[in-house]
Each structure stands twice: as C-alpha cells, then as structure tokens.
Amino acid sequence: MRIFRHGRAWRGAALVAGLLALSGCSMFSSNDDRYEPTPLTEYAPGMSVRSVWSTSIGSGSGLGFVPAVVNDAVYAATPDGSVAKVDLASGKVLWKASADTKLSAGAGSDGTTTVVASPLGDVIAFDDTGKVKWKARATSDVSIAPVVGYGVAVVRSGDYRIQAFNIETGERLWSLQRPGPALALRSSAQMVMAEGLVITGLPGGKLLAINVGSGNVQWEGTVATPRGASDLERLTDVVGAPRIAGSLLCAVAYQGRIVCFDVTQGGRPIWAKDFSSSSGMTLDGRFAYAADQHGVVNAFALDSGANVWKQSALKNRKLTSPALLGEAVGVGDLDGYVHFLSRSDGRLLARLSVGGDAIVSPPQTTQRGVLVQTGNGNLVLIGTN
C-alpha cells in the first residue's frame with residue numbers, strides 16, 4: 001500500500017508508506033511485535049485444494065494488475081509490458097504481446113478488445129489476436145485496471161478523472177473529474193461495469209455510478225466520511241471492487257465503513273458498519289466478506305450487517321481481497337500463500353503456496369476455481385480435488 005499527494009508523489013510518502021506497511025497500516029514501530037505477521041499455524045484440514053495449472057505471462061505484479069475473465073478466457077498483464085490471453089480451462093497461452101512500455105495497470109477486456117495502461121498515462125488497446133489496435137493518452141498516470149464494455153474503455157487516472165475511450169478508435173468520449181483529498185491511498189481499487197454503468201469508488205470515500213455512454217453521474221453514495229485533524233487521519237478511500245448481489249451494491253473503505261446500498265430504493269444505505277480495509281471485499285448470497293487493515297477476516301450478514309464471525313489467525317499477513325471457492329473464501333498473503341476459510345464459521349480449511357513472493361493482485365472467482373496472479377507474474381488456477 002502506498003500513499004500519494006494529489007497531483008504528484010509526496011516526498012514523505014515513501015517513508016509513510018514504509019511505516020504503514022511494517023506496522024499493518026498503523027503508525028507504530030516495526031519493532032512492536034503486535035504488528036508482526038502471525039506465523040502460520042497448524043489446523044485440521046477441511047478441504048483439499050490444488051494448483052490446476054500455472055502459466056508465466058511476464059515479470060512482476062502490482063496493485064493495478066487484475067486478470068479479466070471473459071467466458072473461458074483470461075486476459076492479463078504484467079509491469080514489464082507483457083499482455084496475454086490464456087485459456088481458463090487449461091492455462092494454455094493463446095496469444096502474448098508486448099506493449100513496448102512499462103505498465104502500471106491491466107487488463108480490462110470485453111473478449112474482443114483488451115486494454116492496459118502505463119505510469120505515464122498511455123492507454124493501449126489490443127485486438128483479440130494480440131495486435132495493437134490503438135493508443136491514447138489519459139490525463140495522468142493510471143494505476144487502476146481499465147474496464148471495457150458497452151463500446152468503451154474506461155480508465156481512472158491519478159488526478160481523479162474517470163475517462164472513456166471509444167473501443168474501436170481510441171477517441172476520448174468523455175471525462176469526469178471530482179475534487180479529491182490531499183492524500184490518497186494507492187490500493188487495489190477496481191471499477192466494475194453493470195447495466196450500462198461504470199461503478200467506481202474514489203479517494204475521500206465516495207462511490208459513483210456513471211452512465212458509460214454520456215459520462216453523467218447517475219447516482220452517488222457515501223461509503224466513508226473523512227474524520228480527523230491531519231491529512232493522514234482523514235485518509236479514507238474506497239478499496240477493492242464494488243460488489244453487486246441482487247438489489248444490493250456494497251463497498252468498503254480504508255478508515256471508513258463497510259456499506260450495502262439498495263439500488264431499488266434509490267441507492268439508500270440498508271446497513272453500514274465502521275470498518276477499515278486496505279484490500280476490499282466480496283459477497284455471496286448470505287454474507288459479505290472482508291479482511292480488515294490488520295488482516296482479521298470478517299463475515300457480515302448481507303441482510304443486516306451483523307458480524308457473523310471473525311478469523312484472526314492470519315493477522316498482519318497483508319491479505320488480499322477475498323475470492324470464493326466452493327464453500328470456502330480464499331485470501332492471498334505476503335508469502336505467496338492462499339488460505340481458504342469456511343464461509344459458515346471462518347475455520348481454516350486449506351492452504352496452498354503459489355510462490356512468487358507476496359500476492360498483491362486480487363484473486364478472482366471463476367467458474368473453474370480461484371485465479372491468482374502471483375508476485376512474479378504467473379497466473380495460477382486453484383481448484384478442489
């Protein structure tokens with residue numbers, strides 16, 4: 001996790017980010033063992049998991065890299081400029097291309113066009129043979145994976161602008177900017193597309209639903225309200241991907257809340273709990289799952305927000321957002337492990353090492369298992385035996 005001053009990298013950001021990383025996002029010395037990663041413990045296995053396949057697509061990883069799954073294909077990118085399409089069932093690389101520049105975010109895809117972005121704001125689209133289709137330029141750096149659909153590619157840049165480009169030509173169609181705070185959290189934020197809308201969180205705790213055709217804001221909700229005297233205390237950003245389950249739209253913020261809105265009632269909040277996450281959340285038909293900023297995994301009742309269970313066995317292990325596999329919920333950690341917990345009560349059920357150092361890309365729930373992009377640029381599909 002990194003913290004940046006709006007408009008430019010703050011010189012003190014590296015120091016502050018380092019302190020936060022060492023202390024589990026708290027302003028404490030790394031010598032304080034309260035913030036040391038919890039050692040892995042023994043547990044009674046409750047399920048069997050395995051690596052179905054593992055494929056190298058490039059080198060490195062980062063918070064802005066999220067594999068896009070479209071039907072039975074995976075589109076992914078790595079910081080060294082590699083972009084690939086991989087068969088979800090077998091792990092076979094169907095095509096691999098180079099963006100000819102370092103990348104900071106990707107990949108977004110609709111199955112026909114795949115879009116990635118660079119630290120300088122370059123937006124690069126590939127057709128479904130791996131050839132460059134067009135190049136465009138966002139107004140600043142892009143560190144959040146683009147989303148593609150409804151004839152547009154949408155990016156969110158570091159100057160708090162959401163911009164849409166024509167998927168065939170790369171022409172900029174609209175640009176929307178909201179004022180942002182002095183400090184922003186560089187976290188695994190994601191946008192989603194649904195029902196002709198792009199839904200995105202923003203630094204400062206806001207959640208927007210934007211018409212993909214016009215760029216008009218159709219709805220705006222508050223996930224968290226900044227509080228405190230200093231910029232650091234007031235730092236509150238929506239993290240991970242907004243999640244949709246039936247009529248519910250849910251999101252979670254750092255130093256804020258976890259909230260579910262009812263979209264059939266004008267986006268009225270139906271419940272909200274004070275909560276702080278630096279990674280994000282996921283949902284099933286019963287519960288909302290999220291790890292707090294210290295790595296304690298929580299489950300909340302989807303209808304009321306009641307806390308159903310907590311699991312602290314993975315505390316301070318810098319957990320990713322959760323993904324679902326069967327009756328389990330999985331999270332990646334700083335040592336390249338994926339841990340699976342019971343959805344019902346949070347018991348540890350299984351653990352698998354996928355290698356590649358820390359997992360920072362959010363694991364993806366797919367129809368064939370949990371897809372993980374490792375710290376060294378591999379894609380791994382995890383399934384059950």
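Trainee: How many salt bridges does the structure hold?
Mentor: A salt bridge is a side-chain nitrogen of Lys or Arg within 4 Å of a carboxyl oxygen of Asp or Glu. This is a predicted model, where local features need pLDDT of at least 70, side-chain atom pairs count only at pLDDT 80 or more, and totals for chains, interfaces and linings use all residues. Residues are numbered from 1 along each chain as its sequence is written, and side-chain values use heavy atoms, with hydrogens and water left out. The number of salt bridges in the structure is 11.

Trainee: Which residue forms a salt bridge with aspartate 72?
Mentor: The closest N and O atoms of this pair are 3.0 Å apart. Aspartate 72 is in the loop between β3 (68-70) and β4 (73-77), and its partner is in the loop between β32 (364-366) and β33 (369-373), 296 residues apart (strands are DSSP runs of E, at least two residues, numbered from the N terminus). The partner is arginine 368.

Trainee: Is aspartate 122 buried or exposed?
Mentor: Buried means under 20% relative accessible area, exposed over 50%, and partly exposed in between, with a 1.4 Å probe and protein chains only. Arginine 137 has 46% relative accessibility and so counts as partly exposed. Aspartate 122 has 18%, so it counts as buried.

Trainee: What is the relative accessible area of aspartate 333?
Mentor: Aspartate 333 forms a salt bridge with arginine 317, the closest N and O atoms being 2.9 Å apart. Arginine 317 is buried, with a relative accessible area of 3%. Aspartate 333 is buried too, and its value is 0%.

Trainee: What is the angle between the planes of phenylalanine 287 and tyrosine 289?
Mentor: Rings of Phe, Tyr and Trp (its six-membered ring) pair if their centres lie within 6.5 Å; planes under 30 degrees apart count as stacked, over 60 as edge-to-face and the rest as tilted. By this rule there are seven aromatic pairs. Phenylalanine 287 and tyrosine 289 are both buried. Their pair is edge-to-face, with 6.1 Å centre to centre and an angle of 80°.

Methods: Helix = DSSP H or I, 4+ residues; strand = E, 2+ residues; numbered from the N terminus.
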